[in-house]
Amino acid sequence: MVKTCSVYKCANQFDRSKKISFFRFPKDKRKRKTWIKALNRDGWVPNESSWICSEHFIDGWHGYDPADENYAPTIFKYKESQYLKTNQIQLEEVKKKVSLAMHRGYCKPVPEPEAEAEIQEEDDTDVNVLVDTGVQCDEDPLLLENRRLQEEVRLLKEEVRQLKWGVGKIKDNDTQTRFYTGLPTFGVFLWLYK
């Protein structure tokens, strides 16, 4: 019987010309259970002719220490493509949320009031995965300061426009003409100007 890899969508078969090793499932119960769990095949149980090829181990060989990254198979091409698709979808969703929130200011993820953060627990591990839902945005303090300063500049420009001296201030007003220019009338001012 030809050795074939038991990993889903792996077509590797034993061939002396290829530099691929094949490993039987371990007899150690803990390690065997870890390998089966890594393969993630629902209801599948390995038998004596079940093998895993070296392409599914980081260094091309399995380790014996449970702390070693090569203790169980971890490289699965079908999972990588699923992972990339899922991450692309999640990235697009995040980009939409961020672009929506950019004009509003700073954003931080917070759980929605009716749905608290979900906790997903993995069996046989101490890892808890928190999933945040919703986004709360506070206005950027710099944007607020910018708006305030723009309004202040607008008011000051209006005030300067009103206080600015011009011909309109003395036009048809001999008293103002005498006060500002020392000339007796506005007509004399125009005569001298021309």
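This is a dialogue on how the terms used for this structure follow from its computed values.

Student: What kind of model is this, and what secondary structure does the chain have?

Tutor: The model is predicted. The chain has six helices and six strands, and along the sequence they follow the pattern β-α-β-α-β-β-β-β-α-α-α-α.

Student: Why is His56 called buried?

Tutor: Buried means under 20% relative accessible area. His56 has a relative accessible area of 5%, so His56 counts as buried. This residue is found in the loop between E2 and helix H2 (77-102).

Student: Which residues are in contact with His56, leaving aside its neighbours within four places in sequence?

Tutor: They are Cys5, Val7, Cys10, Pro73, Thr74, Ile75 and Phe76.

Student: How many of the chain's residues are buried, as a percentage?

Tutor: Buried residues make up 21% of the 194 residues in the chain.

Student: Why is Pro66 called partly exposed?

Tutor: The term covers values between the 20% limit for buried and the 50% limit for exposed. Pro66 has 42% relative accessibility and therefore counts as partly exposed. Pro66, like His56, lies in the loop between E2 and H2.

Student: What does Pro66 touch, not counting residues up to four places away in sequence?

Tutor: Pro66 touches Arg30 and Tyr71. Pro66 and Thr34 are 32 residues apart in sequence, and their C-alpha atoms are 9.5 Å apart in space.

Student: What share of the contacts in the chain between residues at least 6 apart in sequence joins residues at least 24 apart?

Tutor: That share is 48%.

Student: What makes Phe179 exposed rather than partly exposed?

Tutor: Exposed means over 50% relative accessible area. Phe179 stands at 65% relative accessibility, so Phe179 counts as exposed. Phe179 is found in helix H5.

Student: Which residues form a nonpolar patch on the surface with Phe179?

Tutor: Trp165 and Tyr180 form the patch with Phe179, and together the three have about 370 Å² of accessible area. The chain as a whole exposes about 15600 Å², and carbon and sulfur atoms supply 54% of that area.

Student: What is found at the N-terminal end of helix H5, and what just after the helix?

Tutor: Asn173 caps the N-terminal end of helix H5 (residues 174-181), with a side-chain oxygen 3.2 Å from the backbone nitrogen of Thr175. Just after H5, Gly182 takes a positive phi of about 85 degrees.

Student: Which residues have the most contacts inside the largest nonpolar core?

Tutor: They are Cys5, Val7, Trp35, Leu39 and Ile52, in a core of 17 residues. Strand E1 (22-24), helix H1 (29-39) and strand E2 (51-53) each supply at least two residues of this core. In soluble globular proteins, nonpolar side chains tend to be buried together.

Student: How do you know that the side chains of Glu145 and Arg148 meet in a salt bridge?

Tutor: The cut-off between a side-chain nitrogen of Lys or Arg and a carboxyl oxygen of Asp or Glu is 4 Å. The N to O distance for Glu145 and Arg148 is 2.7 Å, so the pair counts as a salt bridge.

Student: Why are Glu145 and Arg148 separated by about one helical turn?

Tutor: The reason is that they are three residues apart in helix H3. That helix comprises residues 141-163.

Student: How many salt bridges does a search of the whole structure find?

Tutor: The search finds three. One of them joins Glu151 and Arg154, whose closest N and O atoms are 2.6 Å apart. Both residues lie in helix H3, three residues apart, about one turn of the helix. Glu151 is partly exposed at 37%, and Arg154 is partly exposed at 47%.

Conventions:
Residues numbered from 1 in each chain as written. Predicted model: local features only at pLDDT ≥ 70, side-chain atom pairs only at ≥ 80, totals over all residues. Heavy atoms only, no water. Helix = DSSP H or I, 4+ residues; strand = E, 2+ residues; numbered from the N terminus. Polar contact = N/O pair within 3.5 Å; in protein donor to acceptor, adjacent residues only side chain to side chain. Core = buried A, V, L, I, M, F, W, Y, C linked by side-chain atoms within 4.5 Å. Buried < 20%, exposed > 50% of the residue type's maximum accessible area, 1.4 Å probe, protein only. Patch = residues over 30% accessible without salt bridge, like charges linked within 9 Å, V, L, I, M, F, W, Y side chains within 5 Å. Areas by Shrake-Rupley, 256 points an atom, 1.4 Å probe, with all protein chains shown as cover. Contact = heavy atoms within 4.5 Å.
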